[in-house]
Amino acid sequence: MINPARRRFIGIVAASSALALTSSPLRRAHAAIAPTCWQGAALGADAELRLYHPDPQAAERLIAQALAELRRLEGIFSLYRDDSALAVLNRQGFLDNPPSDLLRLLAESRHYAVLTGGLFDPTVQPLWRLYAEHFARADADPAGPAPAAVASALAHVSYQGVELDPQRIQLRPGMALTLNGIAQGYITDKVTELFRNNGLERALVDMGEIRGWDPSVRPAGWQVGLADPLAPERILAQVPVSNQALATSGGYGTPLDAAGRFSHLFDPRSGQARPRYRSVSVMAPTATAADALSTAFSHMSLEDTQKIVRSLGVSAWMVLPDGRLIAQTARA
């Protein structure tokens, strides 16, 4: 089975780590510090940490703490570990005494579901199972699952069917959750929070979503490249991520069929797996928000995304089917 989390890194390419240099002694001091780096994987996606700390050994200790936090959160959110809290919840249909991080992330998921009119919905896992099982068959119909099968799966898709209580999470019969549209952002934020709480003043955190932390730098900082879905080695635009987070959703990263017509980005209204755009990138104050919004925007009209962009003060970039890049900001 294809790991849907892989999509998050493909659309974002770190272009440079340029610190805006002025006469500020603090900025010159920061620029002189070489980063201590780590590369690996988070929930199946490529991940990277760059810590700017004057003591490399202290930076290595912080990286070790961050990796321990990553593994702890993977033990809650992963769909690929049978013992994760999420896997147990999906298997049983309920979970007693759930981890606080799972409750918090499901509450965040509900918030973005309401905000987007249900287009962000963590209960689309039955659709993933349907499409993955369909295209795993040698004789699979290239047109996708039968409409009746899609309708049957859709009957189990509704964020309103998740009951949250500190003592128990309860799902309606036949439901299952995936947090692959928000968990990487949440982990990115948790790792950033860990660094900040330990006094680190500058870091670039990429746990499938990217967040830059450096309160001394405005508005420059790390320049992140938005990749062209038609030619991922080509950069369509560069945007700064100082004290912001950037997330990208792109169906081209994890096609469900050999022809690449169907992706893991499901429309919770219709059950279809063909997003409106080749990719969507969102910049927001937190990676959790950027992650959830980039997922939901994949099936929203430009008019509807612009309303949310303005109301939240975020930015978004959509690559249309013809390859054109549309940028939306709160001021537009």
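A: Helices (H or I, at least four residues) and strands (E, at least two) are DSSP runs, numbered from the N terminus. The model is predicted: local features need pLDDT of at least 70, side-chain atom pairs count only at pLDDT 80 or more, and totals for chains, interfaces and linings use all residues. Residues are numbered from 1 along each chain as its sequence is written, and side-chain values use heavy atoms, without hydrogens and water.

Q: Which residues of helix 10 are buried?

A: An α-helix has 3.6 residues a turn, so residues three or four places apart point the same way. In helix 10 (residues 302–312), Thr305, Gln306, Ile308 and Val309 are buried (under 20% relative accessible area, with exposed over 50% and partly exposed in between; 1.4 Å probe, protein chains only). They lie on the same side of helix 10 because they cover an arc of only 165° around the axis, taken from the directions from the helix axis to the C-beta atoms. Glu303, Lys307 and Ser311 are exposed on the face turned away from the buried side.

Q: Against which elements do the buried residues of helix 10 pack?

A: Their partners are helix 5 (100–115), helix 9 (287–297), strand 13 (315–319) and strand 14 (325–328), where contact means heavy atoms within 4.5 Å.

Q: Which elements each supply at least two residues of the lining of the second largest cavity?

A: Rolling a probe the size of a water molecule over the atoms shows where empty space is left. Helix 5 and strand 5 (162–165) are those elements, and helix 5 gives the most, with three residues.
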